Amino acid sequence: MRDSDERIDIEPTKEEDLLVMILDIASVFNEDLESWDYDDPLARKWLRRNFKKQTGISAEFFRDRLSLIGDIADSKGIDNFGRFREDFRILLDYYLYIQSVSKANCPDSQNVIQNPKKLDEWIIELRQIIAILGEETV
(Lines give C-alpha, C1' and ligand atoms only; values in the text may rest on other atoms or scores of the structure.)
Protein backbone atom coordinates (compact mmCIF):
# COMPACT_ATOMS: atom_id res chain seq x y z
CA MET A 1 0.00 0.00 0.00
CA ARG A 2 1.28 3.46 -0.86
CA ASP A 3 1.84 6.31 1.56
CA SER A 4 -1.42 8.27 1.74
CA ASP A 5 0.24 11.52 0.63
CA GLU A 6 1.99 9.95 -2.36
CA ARG A 7 1.01 11.32 -5.76
CA ILE A 8 -1.01 8.85 -7.80
CA ASP A 9 -0.27 8.87 -11.52
CA ILE A 10 -3.41 8.00 -13.43
CA GLU A 11 -3.95 7.94 -17.16
CA PRO A 12 -6.00 10.94 -18.41
CA THR A 13 -9.06 8.85 -19.29
CA LYS A 14 -8.94 7.11 -15.92
CA GLU A 15 -8.60 10.50 -14.22
CA GLU A 16 -11.71 11.75 -16.00
CA ASP A 17 -13.58 8.54 -15.17
CA LEU A 18 -12.48 8.74 -11.54
CA LEU A 19 -13.62 12.34 -11.26
CA VAL A 20 -17.05 11.44 -12.67
CA MET A 21 -17.36 8.45 -10.32
CA ILE A 22 -16.34 10.47 -7.25
CA LEU A 23 -18.80 13.24 -8.03
CA ASP A 24 -21.49 10.63 -8.71
CA ILE A 25 -20.91 8.81 -5.42
CA ALA A 26 -20.96 12.11 -3.49
CA SER A 27 -24.22 13.06 -5.21
CA VAL A 28 -25.77 9.64 -4.59
CA PHE A 29 -24.90 9.69 -0.90
CA ASN A 30 -26.24 13.23 -0.52
CA GLU A 31 -29.51 12.29 -2.23
CA ASP A 32 -29.68 9.11 -0.16
CA LEU A 33 -29.20 11.04 3.07
CA GLU A 34 -31.85 13.59 2.07
CA SER A 35 -34.30 10.80 1.27
CA TRP A 36 -33.88 9.44 4.80
CA ASP A 37 -35.75 12.51 6.03
CA TYR A 38 -38.79 11.45 4.01
CA ASP A 39 -38.67 7.78 4.95
CA ASP A 40 -40.76 6.12 7.58
CA PRO A 41 -39.56 7.46 10.98
CA LEU A 42 -38.45 3.98 12.08
CA ALA A 43 -36.49 3.44 8.86
CA ARG A 44 -34.91 6.90 9.17
CA LYS A 45 -33.83 6.18 12.75
CA TRP A 46 -32.53 2.75 11.78
CA LEU A 47 -30.51 4.17 8.86
CA ARG A 48 -28.89 6.96 10.85
CA ARG A 49 -28.16 4.76 13.88
CA ASN A 50 -26.68 1.98 11.77
CA PHE A 51 -24.61 4.32 9.64
CA LYS A 52 -22.95 5.69 12.75
CA LYS A 53 -22.62 2.22 14.28
CA GLN A 54 -21.01 0.78 11.13
CA THR A 55 -18.75 3.71 10.25
CA GLY A 56 -18.07 5.39 13.58
CA ILE A 57 -19.17 8.79 12.23
CA SER A 58 -22.47 10.52 11.64
CA ALA A 59 -24.05 10.45 8.20
CA GLU A 60 -24.03 14.25 8.12
CA PHE A 61 -20.30 14.39 8.87
CA PHE A 62 -19.65 11.86 6.13
CA ARG A 63 -21.84 13.82 3.68
CA ASP A 64 -19.75 16.92 4.41
CA ARG A 65 -16.56 14.90 3.94
CA LEU A 66 -17.75 13.60 0.55
CA SER A 67 -18.72 17.12 -0.44
CA LEU A 68 -15.19 18.29 0.39
CA ILE A 69 -13.71 15.42 -1.60
CA GLY A 70 -15.97 16.27 -4.55
CA ASP A 71 -14.99 19.95 -4.39
CA ILE A 72 -11.30 19.09 -4.30
CA ALA A 73 -11.65 16.59 -7.15
CA ASP A 74 -13.66 19.06 -9.22
CA SER A 75 -11.32 22.01 -8.71
CA LYS A 76 -7.87 20.45 -8.38
CA GLY A 77 -8.10 17.12 -10.12
CA ILE A 78 -6.90 14.04 -8.32
CA ASP A 79 -3.28 14.82 -7.49
CA ASN A 80 -2.43 13.49 -4.04
CA PHE A 81 -5.84 11.87 -3.90
CA GLY A 82 -4.76 8.63 -2.26
CA ARG A 83 -5.46 10.14 1.16
CA PHE A 84 -9.20 9.78 0.49
CA ARG A 85 -9.04 6.04 -0.20
CA GLU A 86 -10.22 5.23 3.31
CA ASP A 87 -13.32 7.41 2.94
CA PHE A 88 -14.42 5.35 -0.05
CA ARG A 89 -13.57 2.15 1.81
CA ILE A 90 -15.82 3.26 4.69
CA LEU A 91 -18.73 3.89 2.33
CA LEU A 92 -18.12 0.62 0.49
CA ASP A 93 -18.16 -1.31 3.77
CA TYR A 94 -21.38 0.42 4.78
CA TYR A 95 -23.12 -0.36 1.49
CA LEU A 96 -21.94 -3.98 1.72
CA TYR A 97 -23.41 -4.13 5.22
CA ILE A 98 -26.74 -2.72 3.99
CA GLN A 99 -26.69 -5.19 1.09
CA SER A 100 -26.15 -8.14 3.46
CA VAL A 101 -28.87 -6.96 5.83
CA SER A 102 -31.24 -6.49 2.93
CA LYS A 103 -30.49 -9.94 1.51
CA ALA A 104 -31.00 -11.51 4.92
CA ASN A 105 -34.48 -9.97 4.98
CA CYS A 106 -34.01 -8.61 8.48
CA PRO A 107 -37.24 -7.04 9.74
CA ASP A 108 -35.44 -3.79 10.62
CA SER A 109 -34.23 -3.41 7.06
CA GLN A 110 -37.63 -3.46 5.37
CA ASN A 111 -38.09 -0.41 3.16
CA VAL A 112 -34.46 0.58 3.74
CA ILE A 113 -33.35 -0.57 0.32
CA GLN A 114 -35.79 0.69 -2.26
CA ASN A 115 -33.67 -0.35 -5.22
CA PRO A 116 -31.20 -3.23 -4.59
CA LYS A 117 -29.92 -3.04 -8.18
CA LYS A 118 -28.84 0.57 -7.62
CA LEU A 119 -27.06 -0.47 -4.44
CA ASP A 120 -25.16 -3.11 -6.42
CA GLU A 121 -24.13 -0.43 -8.94
CA TRP A 122 -22.86 1.86 -6.17
CA ILE A 123 -20.83 -0.99 -4.71
CA ILE A 124 -19.24 -1.66 -8.10
CA GLU A 125 -18.49 2.03 -8.57
CA LEU A 126 -16.90 2.31 -5.12
CA ARG A 127 -14.76 -0.74 -5.82
CA GLN A 128 -13.59 0.87 -9.06
CA ILE A 129 -12.71 4.11 -7.27
CA ILE A 130 -10.73 2.24 -4.63
CA ALA A 131 -8.95 0.16 -7.29
CA ILE A 132 -8.01 3.26 -9.30
CA LEU A 133 -6.69 4.92 -6.17
CA GLY A 134 -4.44 1.92 -5.63
CA GLU A 135 -6.13 -0.10 -2.93
CA GLU A 136 -4.58 -3.54 -3.09
CA THR A 137 -7.58 -5.50 -1.85
CA VAL A 138 -10.90 -4.64 -3.42
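**Ground rules**
I number residues from 1 along each chain as its sequence is written. Because the model is predicted, I take local features only at pLDDT of at least 70 and side-chain atom pairs only at pLDDT 80 or more, while totals for chains, interfaces and linings use all residues, and side-chain values use heavy atoms, with hydrogens and water left out.

**Overall layout**
I looked up the secondary structure. The protein chain has five helices and zero strands. Helices here are DSSP runs of H or I, at least four residues, and strands are runs of E, at least two, numbered from the N terminus. Along the sequence I read α-α-α-α-α.
I then checked burial. Of the 138 residues in the protein chain, 42% are buried. Buried means under 20% relative accessible area, exposed means over 50%, and partly exposed lies in between (1.4 Å probe, protein chains only).
Next came contacts, meaning heavy atoms within 4.5 Å. Among those between residues at least 6 apart in sequence, 72% join residues at least 24 apart.

**α2 against α4**
Which angle do the axes of α2 and α4 make? Helix α2 (residues 41–55) and helix α4 (residues 85–103) cross at roughly 125°, and their axes come within 10 Å. Axes are lines fitted to C-alpha atoms, for helices over the stretch in contact, and angles run from 0 to 180 degrees between N-to-C directions. That makes α2 oblique to α4. Under 35 degrees counts as roughly parallel, over 145 as roughly antiparallel, 65 to 115 as roughly perpendicular, and the rest as oblique.
The crossing of α2 with α4 is right-handed. The rule: left-handed if the near helix is turned anticlockwise from the far one by less than a right angle, right-handed if clockwise.
From α2, the contact uses W46, L47, N50, F51, Q54 and T55; from α4, I90, L91, Y94, Y97, I98 and V101. By class I find nine nonpolar, three polar and no charged residues. Nonpolar covers Ala, Val, Leu, Ile, Met, Phe, Trp, Tyr, Cys and Pro; charged covers Asp, Glu, Lys and Arg; the others, Gly among them, are polar.

**N50**
I picked N50 in helix α2. Buried or exposed? N50 counts as buried, at 4% relative accessibility. Leaving out residues up to four places away in sequence, N50 touches Y94 and Y97. I98 is 48 residues from N50 along the chain, with 9.1 Å between their C-alpha atoms.

**α4 against α5**
α4 and α5 pack at about 155°, axes 10 Å apart. They are therefore roughly antiparallel. Their crossing is left-handed.
On the α4 side I list F88, R89, L91, L92, Y95, L96, I98 and Q99; they meet L119, D120, W122, I123, L126, R127, I129 and I130 in α5. This contact has 12 nonpolar, one polar and three charged residues.

**K103**
K103 sits in α4. At 62% relative accessibility, K103 counts as exposed. P116 is 13 residues from K103 along the chain and 9.1 Å away, C-alpha to C-alpha.

Helix α5 (residues 116–132) has 17 residues. From first C-alpha to last it reaches 25 Å, close to the expected 24 Å. The expected span is 1.5 Å times one less than the number of residues.
Its buried residues are L119, W122, I123, E125, L126, I129, I130 and I132. Just after α5, G134 takes a positive phi of about 100°.
L18 and I129 are 111 residues apart in sequence, yet 6.3 Å apart in space, C-alpha to C-alpha. L18 is buried, with a relative accessible area of 0%.
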